[in-house]
Amino acid sequence: MKAQLIKGVFVVGGAVLFSTLGIFASDALQGIDGELHLGSVGKAKVCKEGSIFMQGPRGMLCVDQYEASPSPKCAFKNVANVMQSEENLKSADCYAVSRKDVIPWNFISLPQAQRACAATGKRLPTSEEWYRLALGTIETSCVVNESSVKVTGVSECTSALGVYDAVGNVWEWVDAHVQGNNFDGRVLPGEGFVTSVDANGVALSSGVSADVLYGKDYFWSKQDGVFGVIRGGFYGSGDDAGIYTLNAAIETSFATQGVGFRCVEDVL
């Protein structure tokens, strides 16, 4: 009887201990006030200035709030062609940063954008991650009816997460490829206005008329070839721009004034 009593005390005490530790761990991760505090938990890191926490579909991320721009020591701050992007990337002091009130890094191809993020320990978001960071963006406040790219973060074009310019200003590369019009295990619809989407905001069907339920967003695809993926639209897209706007028929080497990117960083 005494042994059973002692065993019961240990069981109850252990449960309380583990429960308490769980609360401490939760508080350390999220904070009593609901904010993220990751600095003291294992190898976790607090999100750097210019980025914001997001619970991604595959784990916790720090998402750049602003479209990527060249770091201060890059040879070309306002890139004018793809060769200037390449010259920037040859320097160890040049990498992608997330800063307000600067021209985003455009004229950059998919492989170059991947390198620019990697140079600072980050990566491009997946298509799924991009959709989640862009959700809630007020598209009518975005840079979609201009003649050229604008500086980052000056409009009310913000997502629910607090990310600027996911829609418009510059198209954003995502870490994705399309081969033979197959993407994420399914065949994409033909080019047209978005009429339905999957859980990641990618068109399931398209039509010849703009659908207001999907923001009059537009979708591009091709039957044959290997392509990269850009999302959101650019400064001249007009009503076509939006969180469902996606071009899945773009060469990975494509690099113009209207194409840029942003980076994300894995937290755990």
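Modeller: Helices (H or I, at least four residues) and strands (E, at least two) are DSSP runs, numbered from the N terminus. Axes are lines fitted to C-alpha atoms, for helices over the stretch in contact, and angles run from 0 to 180 degrees between N-to-C directions. This is a predicted model, where local features need pLDDT of at least 70 and side-chain atom pairs count only at pLDDT 80 or more, while totals for chains, interfaces and linings use all residues. Residues are numbered from 1 along each chain as its sequence is written, and side-chain values use heavy atoms, without hydrogens and water.

Colleague: OK, at what angle do α2 and α3 pack?

Modeller: About 30°, with the axes 11 Å apart; α2 covers residues 82–89 and α3 residues 110–118. Angles under 35 degrees count as roughly parallel, so α2 and α3 are roughly parallel to each other.

Colleague: And which residues make the contact?

Modeller: With contact meaning heavy atoms within 4.5 Å, α2 brings V82, S85, E86 and L89, and α3 brings Q112, R115 and A116.

Colleague: Switching topic: what order do the strands of the open sheet take?

Modeller: The order is β1-β2-β14, with antiparallel pairing; two strands pair if DSSP finds at least two bridges between them. β1 (51–56) and β14 (264–266) are the edges, each with a single partner strand, so one side of each lacks a neighbour in the sheet.

Colleague: How many bridges link β1 and β2?

Modeller: Six, in the antiparallel sense, with β2 spanning residues 59–64. F53, for instance, has C62 in β2 as its bridge partner.

Methods. Angles under 35 degrees count as roughly parallel, over 145 as roughly antiparallel, 65 to 115 as roughly perpendicular and the rest as oblique.
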